[in-house]
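Trainee: I am new to this structure. Could you walk me through it, one question at a time?

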Amino acid sequence: MSSVAGERDALLIATGKYIDSRLKRLRSPVKDAQELATVLQDPTIGSFRVSSVINKPHYEIAQAIEQFFRSRSPGDLLLIHLSCHGIKDNDGLLYFATTDTNPDLPASTSIPADFLRSQLQRSRARSVIVLLDCCYSGSFL
């Protein structure tokens, strides 16, 4: 149960290893997430409780995102960071690539941006910071 002042929680998601050879160009997302975790956990800077999901398939990341936003209080401060490839389909919809993403089947093998949006909207937390480190991150708005 959250305190009156609220909790400070961060979920850092980083994917730098991909099964599909077309996605293997991304170089440092895991290191970036690890360094961000250190800063966020520092009591003089962020004092966040940090959870990390590193190089996991789409279903594990989707579950982590849903769990992160559940059972929140309005006073909670949440931060979610995704560092991965962004993929757009032929209709211009945005997806976040995971280890098992097939760029030809993004709707069923990655994290749809609409899924992340819906989890953000369903959360009772009023303060949420979203950091996207991917190509097409501007498309999330």
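Trainee: Is Arg 72 buried or exposed?

Mentor: First, some ground rules: this is a predicted model, where local features need pLDDT of at least 70, side-chain atom pairs count only at pLDDT 80 or more, and totals for chains, interfaces and linings use all residues. Residues are numbered from 1 along each chain as its sequence is written, and side-chain values use heavy atoms, with hydrogens and water left out. Buried means under 20% relative accessible area, exposed over 50%, and partly exposed in between, with a 1.4 Å probe and protein chains only. Arg 72 has 11% relative accessibility, so Arg 72 counts as buried.

Trainee: With which side chain does the side chain of Arg 72 make a polar contact?

Mentor: A polar contact is a pair of N or O atoms within 3.5 Å; within protein, one must be able to donate a hydrogen and the other to accept it, and residues adjacent in sequence count only if both atoms are side-chain atoms. A polar atom of the Arg 72 side chain lies 2.7 Å from the backbone oxygen of Phe 68. The side-chain partner, at 2.5 Å, is Asp 9.

Trainee: Which residues does Gly 75 touch, not counting those up to four places away in sequence?

Mentor: Gly 75 lies in the loop between helix 2 and strand 3. At 33% relative accessibility, Gly 75 counts as partly exposed. Contact means heavy atoms within 4.5 Å. On that count, Gly 75 touches Ala 5, Gly 6 and Glu 7.

Trainee: How are the rings of Phe 68 and Phe 69 arranged?

Mentor: Both residues, Phe 68 and Phe 69, are buried. Rings of Phe, Tyr and Trp (its six-membered ring) pair if their centres lie within 6.5 Å; planes under 30 degrees apart count as stacked, over 60 as edge-to-face and the rest as tilted. Phe 68 and Phe 69 are 5.1 Å apart centre to centre, with 75 degrees between the planes: edge-to-face.

Trainee: What is the strand order in the open sheet of 4 strands?

Mentor: Two strands pair if DSSP finds at least two bridges between them. Strand 1 and strand 3 pair in the parallel sense over 7 bridges. The edge strands, each pairing on one side only, are strand 2 (49-54) and strand 7 (127-133). The order is 2-1-3-7.

Trainee: And which strands are at the edges of the open sheet of 3 strands?

Mentor: This sheet has the order 4-5-6, with antiparallel pairing. Strand 4 and strand 5 (residues 94-96) pair over 3 bridges. Pairing on one side only marks the edges: strand 4 (86-88) and strand 6 (111-112).

Terms used
Helices (H or I, at least four residues) and strands (E, at least two) are DSSP runs, numbered from the N terminus.
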